[in-house]
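Here is a quick tour of the structure below. Have a look at it first, then read on.

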Amino acid sequence: MGLTRRQALAQAMALTAGAVTLTTLGVGPASAGVAEAQARIAEFTGGRQPESGRITLTVPDIVENGSSVPVSVSVSSAMTGDDMVEAVLIVAEENPSPPVATLHFTSLSGAAAASLRMRLARTQDVVAVARMTDGSVYLDRRHVRVTVGGCAG
Amino acid sequence: MATPKPRVKVPEQANAGEVITIRTLINHDMESGQRISADGSPVPRRIINRFVCEFNGQTVFACDLEPAVAANPYFEFNARVAESGTFRFTWIDDDGSVYSSEQRIEVH
């Protein structure tokens with residue numbers, strides 16, 4: 001027999017302590033959210049590596065109430081001929097369900113810009129990814145501090 | 001929940017080829033499906049999952065909404081207008097309901 005009762009108890013306590021630390025830091029659920037967010041982005045980009053530039057994501061630095069957070073995206077594009085934005089994906093990395101919205105633009109849009117309001121469960125990064133009609137992708141990321149989360153109500 | 005009533009703001013007139021700004025709002029709880037009710041059971045998800053704006057039958061702007069869109073979804077976006085016509089706005093609810101609104105614009 002390898003373990004004495006004392007050793008077994010000590011190990012169990014160490015494991016519990018570890019689990020508690022993870023939960024308090026929010027590491028467990030948060031990283032799961034980031035992984036899901038990354039998967040959603042990869043699906044949207046078709047696996048292409050996003051470049052920076054062209055897309056601008058505008059969000060407040062700090063919000064008091066996460067239940068209605070203004071978010072604007074704008075992509076510099078002529079929106080005619082070959083220079084067109086097809087879609088923009090907005091993702092809140094650490095929400096219980098990260099995707100926020102997918103915006104679809106056409107040649108009648110005139111400008112690839114839109115604003116809406118989203119829910120943020122906690123302080124986190126918000127990511128916007130633009131996919132052009134030629135398949136190239138651009139990404140912008142902004143950090144938002146939330147003092148009261150918004151997904152429960 | 002009160003019956004969703006769309007509200008849209010489109011300029012009454014514009015110059016041909018001008019890029020105009022459109023704003024829309026609809027009252028809707030956007031129940032995320034994440035909440036737990038008082039008796040401990042989850043509140044079922046019910047959101048508006050799609051919004052479309054068309055001009056004379058052609059799509060101008062569309063959005064797929066997820067539960068992380070705030071209650072009473074608001075949109076601000078642009079449209080390039082070449083001729084007079086009618087904007088049609090459509091919101092699609094998880095329960096299959098469709099809410100819509102129309103607005104005419106005169107282009108000079």
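Reading along the sequence, chain A runs α-α-β-β-β-β-β-β-β-β. That gives 2 helices and 8 strands in chain A, where helices (H or I, at least four residues) and strands (E, at least two) are DSSP runs numbered from the N terminus. The model is a predicted one, with local features needing pLDDT of at least 70 and side-chain atom pairs pLDDT 80 or more, while totals for chains, interfaces and linings use all residues. Residues count from 1 along each chain as written, chains are lettered from A and ligands numbered from 1 in written order, and side-chain values use heavy atoms, with hydrogens and water left out.

Of the 153 residues in chain A, 41% are buried (under 20% relative accessible area; exposed is over 50%, partly exposed in between, with a 1.4 Å probe and protein chains only). Take the contacts in chain A with a separation of 6 or more: 65% of them come from residues 24 or more positions apart (contact means heavy atoms within 4.5 Å). Chain A exposes about 7,800 Å², with carbon and sulfur atoms supplying 56% of that (Shrake-Rupley method, 1.4 Å probe; for residues, only the protein chains shown count as cover).

Now for the rings. Over all chains there are 9 aromatic pairs (Phe, Tyr or Trp six-membered ring centres within 6.5 Å; planes under 30 degrees apart are stacked, over 60 edge-to-face, the rest tilted). F51(B) and W91(B) have ring centres 5.1 Å apart and planes at 50°, so this pair is tilted. The pair ties together distant parts of the chain, 40 residues apart: F51(B) sits in strand β4 (residues 48-55) of chain B and W91(B) in strand β7 (residues 85-93) of chain B. Both F51(B) and W91(B) are buried.

| Charged residue | Ring | Distance to ring centre |
|---|---|---|
| R117(A) | Y74(B) | 4.3 Å |
| R131(A) | F44(A) | 4.5 Å |

Finally, where is N27(B)? N27(B) lies in the loop between β3 (18-26) and β4 of chain B. Its relative accessible area is 26%, so N27(B) is partly exposed. Leaving out residues up to four places away in sequence, N27(B) touches A2(B), T3(B), P4(B), K5(B) and N72(B). The C-alpha atoms of N27(B) and P73(B) are 7.1 Å apart, though 46 residues separate them in sequence.

Definitions and conventions. A charge sits over a ring if NZ of Lys or CZ of Arg is within 6 Å of the ring centre and within 35 degrees of the ring normal.
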